Amino acid sequence: MVAGYNTISMGTGRKEFNPKKERPGLEEYMKEAGQAVLAKIGGAKNVDEGVIGNFIASRFNRQANMGAFFPYIDEGLRHKPAVRVEGACATGALALVTGIRSILAETADVVLVMGVEVQNTVKAIYCADYLAAAGWANERKDGHAYYFPGKFSDRAKVYYEKFGKEKTRMAMAKWFVNAIENARLCPTAQEYHNTSKDLNALGMIEPNGRNFVDSLNVFDCSKVSDGASAVAIVSEEGLKRCGIPKSQAVEIMGFAQAEEDITKAPDDFTVLSTTKFAVQKALENSGITKEQLATVECHDCFSIAGIMATEAIGFAEHGKGIDFVLEGHTARYGKIPFNTTGGLIGWGHPTGATGVHQAITIWEQLTGNAGNNQIEIHPERPYGLTVNMGGDDKSLVSIVYKRAE
Amino acid sequence: MSYTERLKNVSVLGAAGKMGSGILLLTALEMAEISMKPENKGTSFVLNAVDVSNEALVGLMKYIRNQVLKAAEKKVVQLRTIYADRADLIENSEIINQYIDDVMLLIRPSTNMEVTYNSTLIFEAIKEDPDLKAKIFSQINENNSYHPWFFTNTSSIPISELDKKAGLNGRVLGVHFYNPPAVQKLVEIIKAETTLPELNEFAVQFSKNLRKTIVPSHDFAGFIGNGHFMRDALYGISEAEKLNKEFSFAESVFMINKISQDYLIRPMGIFQLIDYVGIDVCSYIMSVMNPYLTDEDLHSNLLDKLLEIGVKGGQNSDGSQKDGFLKYEKGKPVAIYDINLKSYIDIASLQGNCDSKLGELPASIKPWKAVVGKPMDEYYKSYFTELKGMKTMGTEIAVNYFMRSKAISEKLVADKVAFSNEDVNTVLKTGFFHAYGPINDFMN
């Protein structure tokens with residue numbers, strides 16, 4: 001995998017964001033990200049096929065048939081094959097996996113993979129309606145106005161009851177602080193311009209179920225974002241064709257995909273069991289253990305999901321994720337830095353692009369291209385991991401990466 | 001008659017006006033809330049929006065729809081519960097649209113006064129004219145067999161006078177919303193001596209349900225809000241006229257406006273506030289209040305002159321500011337009217353000279369935005385002490401202005417217009433967005 005590019009994650013928090021003014025649409029984001037990658041890989045002529053990940057432009061932008069935007073990005077992509085994939089918030093990583101499968105099947109040597117979502121076309125309250133499609137439609141009526149915050153608020157509530165509310169709230173606040181501090185180092189992050197002085201105090205604000213959900217405050221949540229991320233997935237042959245040295249690429253060591261029944265409630269609200277399964281499988285397929293990981297990009301659509309991910313991956317025992325986070329192990333100078341460009345809460349969550357953005361962050365870190373966000377990669381622990389989740393722990397993709405040799 | 005019964009048939013007079021439209025909106029939302037309670041299913045509720053102009057009523061309905069949409073978007077969490085049994089309403093957007101429909105169905109726009117004859121509660125927000133108000137009240141009262149209650153939004157006319165003139169036998173109460181009613185937290189409630197206690201009880205409950213801050217005022221022309229504002233405005237005008245002996249008219253207005261805003265840390269300068277309310281409205285309110293004042297003359301020749309020339313201030317129907325003492329671009333003052341030259345002078349051309357004449361600003365000065373709504377008493381003490389210790393032209397005028405505002409306020413309490421110092425401070429803080437109450441010891 002090479003040549004990643006992220007647009008800005010646009011939305012509230014960015015100085016240039018004004019909800020009343022016209023903003024770039026899907027086309028502009030796709031063009032920016034797509035052309036940037038093409039420029040790095042020697043142009044459209046080197047591309048065999050395209051994959052575009054998009055969750056629900058059919059509602060946000062009244063747009064489907066997304067594959068046909070590749071020729072719009074570059075005329076050189078006319079008549080080349082492309083496909084759009086969808087798996088709610090796991091869409092981005094599904095796009096990656098679709099590209100990886102083409103390479104493994106040897107039907108392509110260079111796949112241009114993109115994720116895009118433009119969600120600020122409607123207010124958050126209507127955004128919640130659209131995003132609710134990631135859950136089971138039959139449950140929408142009884143769900144919360146803010147549907148997914150409601151789902152994870154329910155999880156947080158059970159977690160509070162089992163493992164202590166006070167400490168959990170502190171850990172959620174800490175998660176938020178880490179996210180913003182990392183985002184402040186990354187110019188494309190939605191929270192790059194965040195200047196709040198006392199982040200922890202914001203994170204500690206008591207949730208108010210009258211206006212929002214019972215057990216999460218707004219700082220526990222990723223925001224509404226617009227953005228696109230694109231990357232090239234290439235075989236060794238493809239890498240040569242693009243004229244890029246191996247040192248600038250990461251190798252996909254293994255991946256796993258897993259689905260859970262969308263009509264069923266979780267067995268245990270405090271466990272992300274599908275995440276756990278997918279990560280174990282991805283590590284197994286790669287022949288490594290979690291101890292060999294240098295950094296992780298996890299799916300922190302909500303702070304509580306980030307905390308539960310530390311448990312699902314196995315860094316902390318059940319109920320001890322809060323201690324793990326509070327002890328600073330997931331911070332950028334901690335034992336295992338999580339979400340080094342801010343994650344979904346700090347960098348942003350343009351749903352269909354998120355999985356691709358996660359992969360690009362890992363690619364940047366492992367190839368030494370992470371700029372101010374760069375962390376130290378220890379030679380004994382050279383691997384990166386991404387975890388991309390669709391719905392409430394329903395569609396999972398986990399991928400393991402290592403710098404190419 | 002219970003609270004709910006009273007709200008079954010309500011009329012708002014002057015519904016398309018600036019104040020009336022806000023009162024209509026708040027009343028519609030409150031009636032919707034009541035009508036959606038399970039025990040009230042099947043009961044009909046009617047809210048008549050009465051105004052003289054059909055065109056204005058069309059604009060009003062658009063405004064109300066937009067405002068109800070905003071309100072619905074804010075409380076959709078609660079609305080999902082209210083519509084829980086409606087299987088056909090699934091998404092937030094569907095629930096919000098249904099709520100808008102339900103609220104709009106309560107409202108009946110009309111130019112016909114007869115629709116009020118079945119109402120049990122009348123909100124009045126027509127022109128500030130005691131005779132006109134009394135005439136309409138009496139007409140409704142004679143034709144309405146329900147002995148309706150009259151809530152007047154007058155900001156200056158004594159309630160007892162309206163009661164007497166219209167023959168309402170105590171069925172009238174001052175319920176003075178501030179502009180714009182949908183946003184402003186303050187409601188002044190004014191009982192005449194004759195007002196029946198149940199009107200007050202209802203109004204207090206109603207205002208609380210709207211989450212308003214209630215300040216009771218004695219029934220004296222102008223009450224607390226205008227009692228302070230009109231005198232404060234006249235003081236500002238007289239200070240500008242004093243300066244006018246040495247400076248041009250535009251310069252004088254600029255300097256007093258700046259002192260009353262920046263030096264006193266208020267949200268806007270006194271001349272901008274007069275423009276906001278309207279020079280015509282200010283002048284009219286003074287003329288309504290003046291006959292009741294024995295020891296002062298509440299009148300300004302300058303305002304009369306401006307009105308003769310046609311300089312009026314006030315707002316356009318879209319809420320944007322009309323030119324008055326100041327000229328506005330995108331809501332910001334850019335020029336000052338010079339009554340002698342009969343034209344606007346750019347602020348940029350006179351600001352430098354004025355600022356240097358006023359002298360240095362106190363070092364610890366902060367903009368209103370930075371202090372409003374925060375507990376800053378220690379800061380005000382140190383700031384106003386610094387201000388008082390400086391001997392520039394600007395600070396000296398500011399000190400006098402500050403003391404005058406305090407004296408006006410204390411007199412309102414002494415004259416038994418306000419019940420307490422705290423009430424005056426609350427009115428200035430909530431009704432006029434002042435950062436601090438005028439009755440304080442910051443300069444002692």
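This is a predicted model: local features need pLDDT of at least 70, side-chain atom pairs count only at pLDDT 80 or more; totals for chains, interfaces and linings use all residues.
How are H9(B) and H10(B) oriented to each other? Helix H9 covers residues 225–243 of chain B, and helix H10 covers residues 249–263 of chain B. Their axes are 8 Å apart, and the two helices pack at an angle of about 135 degrees. Angles of 65 to 115 degrees would count as roughly perpendicular and those over 145 as roughly antiparallel; H9(B) and H10(B) are therefore oblique to each other. The crossing in which H9(B) passes H10(B) is right-handed.

Now look at who does the touching. From H9(B) come Gly236(B), Glu239(B), Ala240(B) and Leu243(B), and they meet Ser252(B), Val253(B), Met255(B), Ile256(B) and Ser260(B) of H10(B). Sorted by class, the residues of this contact between H9(B) and H10(B) are five nonpolar, three polar and one charged.

Zoom out to chain B as a whole. Its domain assignment gives domain 1 as 3–217, while domain 2 is made of 225–296 + 348–431. Taken over C-alpha atoms, the centres of domain 1 and domain 2 of chain B are separated by 34 Å. Where they touch, 15 residues of domain 1 of chain B are in contact with 15 residues of domain 2 of chain B. On the domain 1 side, the elements that give two or more residues are strand E7 (186–190) and strand E8 (213–217) of chain B. E8(B) gives the most to that side, with four residues. By class, the domain 1 side has seven nonpolar, five polar and three charged residues.

What about the contact between the two chains? Here, 10 residues of chain A are in contact with nine residues of chain B. The side of chain A that touches chain B has four nonpolar, one polar and five charged residues.

Over in chain A, let's take the sheets in turn. One is an open sheet of five strands in the order E1-E5-E4-E2-E3, with mixed pairing. Strand E1 (2–6) and strand E3 (82–85) of chain A are the edge strands, each pairing on one side only. From one strand to the next, the twist averages 15 degrees. E1(A) runs antiparallel to strand E5 (residues 226–234) of chain A, and three bridges join them.

Helix H1 (residues 26–40) of chain A touches E1, strand E4 (110–118) and E5 of chain A, and its direction makes about 30 degrees with that of E5(A). Helix H14 (residues 351–367) of chain A touches E1, strand E2 (49–53), E4 and E5 of chain A, and its direction makes about 125 degrees with that of E4(A).

Next comes an open sheet of four strands in chain A, ordered E6-E9-E8-E7 and again with mixed pairing. Its edge strands are strand E6 (250–259) and strand E7 (293–297) of chain A. Neighbouring strands of this sheet are turned by 15 degrees against each other on average, direction ignored. Strand E8 (residues 383–390) and strand E9 (residues 395–403) of chain A run antiparallel and are joined by eight bridges. In this pairing, Gly390(A) stands opposite Ser395(A) in E9(A). Finally, helix H4 (residues 91–104) of chain A lies across E6, E8 and E9 of chain A, running at about 60 degrees to E9(A).

Definitions and conventions: Residues are numbered from 1 along each chain as its sequence is written. Chains are lettered from A and ligands numbered from 1 in the order in which they are written. Axes are lines fitted to C-alpha atoms, for helices over the stretch in contact, and angles run from 0 to 180 degrees between N-to-C directions. Angles under 35 degrees count as roughly parallel, over 145 as roughly antiparallel, 65 to 115 as roughly perpendicular and the rest as oblique. A crossing is left-handed if the near helix is turned anticlockwise from the far one by less than a right angle, and right-handed if clockwise. Two residues are in contact if their C-beta atoms, placed from the backbone, lie within 7 Å. Ala, Val, Leu, Ile, Met, Phe, Trp, Tyr, Cys and Pro count as nonpolar, Asp, Glu, Lys and Arg as charged, and the others, Gly among them, as polar. Domain bounds come from an automatic or database domain assignment. Two strands pair if DSSP finds at least two bridges between them.
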